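These are my notebook entries on a structure that I looked through piece by piece. I wrote down what I looked up and what I found, in the order in which I went.

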Amino acid sequence: MELAERFLLDALAYLECALGVLFSVLLEVVGLPYGRYTSPGSAWQLSATTAWVVQELPSLVVPLFVCVATAAERLRRWPNRVLLAMFVVHYIHRSLIFPFLIRGGKPTSWYVCVMAFVFCTYNGYLQSRYLSHYAVYADDWVTDPRFLAGFVLWLTGMLINIHSDGILRNLRQPGQTGYGIPRGGLFEYVSTANYFGEVLEWCGYGLASWSVQGAAFALFTFCVLLCRARQHHRWYLEKFEDYPKFRKIMIPFLL
């Protein structure tokens, strides 16, 4: 039974890699009506706050359920605990804090929320089940250069993401719903500093976990957010004549 589930977790990780590439192509060709791209007359829309809570919460609830309701033997090891905590800390912020700080967020189509909900359930199970039941690390893994470098990248990425979200939020006064040119922080170099922070965060997590499951999540995040970043970058250039032309799309000085 354990061998079968371990095989399943590996298969789900490889599938997540393939889905990341597939979704990036579909987003580029078809697009996705969310945020500023949502049509005003679309039916079955959720408020931005409601959508964020609903779609992100499985990535918090599923790991907690796995830890409490199953014999999570591997969580007796510190490396497994720290890695799962890295995942959970992000989603505590993303599902319970960030949504309630949004100012004037645009509604989200119900099916976009459903797709995100399904992915967060899928990935929440994949990451938490692997770390709590199957990932094997030496007790001194937390001092390994790969773990230390990954943890620093994860923490740096999360701080960049939170700081950049704050810059975007402060473009609006309470009650406003319009858009402006973000300035300050890494927005001086890229159009989507918040996405850069999140990609950096999960690449760090993937490095620290040194696993196919962690790498799959990092790849999925990179593929999807890069496509969305391109869309945002084009939108800024079309919307604002004075938009800084030297800014890159997502990665400072490179892309």
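This is a predicted model: local features need pLDDT of at least 70, side-chain atom pairs count only at pLDDT 80 or more; totals for chains, interfaces and linings use all residues.

**Entry 1: the record and two of its spans.** I looked up the UniProt entry, which is unreviewed, and under "transmembrane region" it lists residues 12–32, 52–71, 83–102, 108–126, 147–164 and 207–227. I then checked two of these spans against the model. For residues 83–102 I find 75% helix and 0% strand, with 28 Å between the end C-alpha atoms.

**Entry 2: the nonpolar cores.** Which residues touch the most other members in the largest nonpolar core? This core has 34 residues, and the ones I noted in answer are Leu 83, Tyr 130, Leu 131, Tyr 137, Tyr 205 and Phe 217. Two or more residues of this core come from each of helix 1 (2–29), helix 4 (78–97), helix 5 (110–134), helix 6 (145–169), helix 7 (193–209) and helix 8 (212–239). Apart from this core I found another one, of 10 residues, which includes Phe 196, Val 199, Leu 225 and Met 250.

**Entry 3: Tyr 137 and Tyr 130.** Tyr 137 is in contact with Pro 79, Asn 80, Leu 83, Tyr 130, Leu 131 and Ser 209. Tyr 130 is in helix 5, and I count Tyr 130 as buried because its relative accessible area is 8%, under the 20% cut-off. On the same terms, Tyr 130 is in contact with Arg 6, Leu 9, Tyr 125, Ala 135, Tyr 137, Ser 211 and Gln 213. I also noted that Tyr 130 and Asn 80, 50 residues apart in sequence, are 9.4 Å apart from C-alpha to C-alpha.

Entry 4: Not counting residues up to four places away in sequence, Ser 211 touches Tyr 130 and Gly 206, and a polar atom of the Ser 211 side chain lies 3.0 Å from the backbone nitrogen of Gly 214. The C-alpha atoms of Ser 211 and Asp 10 are separated by 9.6 Å, although these residues are 201 residues apart along the chain. Trp 210 is in this loop as well, and has a positive phi of about 50° although Trp 210 is not a glycine.

**Entry 5: the aromatic rings.** My search of the whole structure gave 21 aromatic pairs. One of them is the tilted pair of Phe 87 and Trp 202, with 5.7 Å from centre to centre and 55° between the planes. Phe 87 lies in helix 4 and Trp 202 in helix 7, so this pair ties together parts that are 115 residues apart in sequence. Both of these residues, Phe 87 and Trp 202, are buried. Trp 235 and Phe 240 form an edge-to-face pair, at 6.0 Å from centre to centre and 80° between the planes; Trp 235 counts as buried at 16% relative accessibility, and Phe 240 is buried at 15%. I also found one aromatic cluster formed by Phe 23, Phe 87, Tyr 91, Phe 119, Trp 202, Tyr 205, Phe 217 and Phe 220.

**Entry 6: charges over rings.** I looked for charged ends that sit over a ring, and noted that of Arg 81 over the ring of Trp 78, 4.9 Å from its centre. The charged end of Arg 94 sits over the ring of Phe 98, 4.6 Å from its centre.

Entry 7: What do the buried residues of helix 2 pack against? These residues are Ala 48, Ala 51, Val 53, Gln 55 and Glu 56, and they pack against strand 1 (45–46), helix 3 (58–69), helix 4, strand 2 (108–109) and helix 5. Last, I looked at Phe 253, which is in the segment after helix 8 and has a positive phi near 70°, in a residue other than glycine. Phe 253 counts as exposed, because its relative accessibility is 64%.

Definitions and conventions
Residues are numbered from 1 along each chain as its sequence is written. Side-chain values use heavy atoms; hydrogens and water are left out. A nonpolar core is a set of buried Ala, Val, Leu, Ile, Met, Phe, Trp, Tyr and Cys residues joined through side-chain atoms within 4.5 Å. Buried means under 20% relative accessible area, exposed over 50%, partly exposed in between (1.4 Å probe, protein chains only). Helices (H or I, at least four residues) and strands (E, at least two) are DSSP runs, numbered from the N terminus. Contact means heavy atoms within 4.5 Å. A polar contact is a pair of N or O atoms within 3.5 Å; within protein, one must be able to donate a hydrogen and the other to accept it, and residues adjacent in sequence count only if both atoms are side-chain atoms. UniProt positions are given in the numbering used here, feature names are shortened, and annotations may be inferred rather than shown by experiment. Rings of Phe, Tyr and Trp (its six-membered ring) pair if their centres lie within 6.5 Å; planes under 30 degrees apart count as stacked, over 60 as edge-to-face and the rest as tilted. A charge sits over a ring if NZ of Lys or CZ of Arg is within 6 Å of the ring centre and within 35 degrees of the ring normal.
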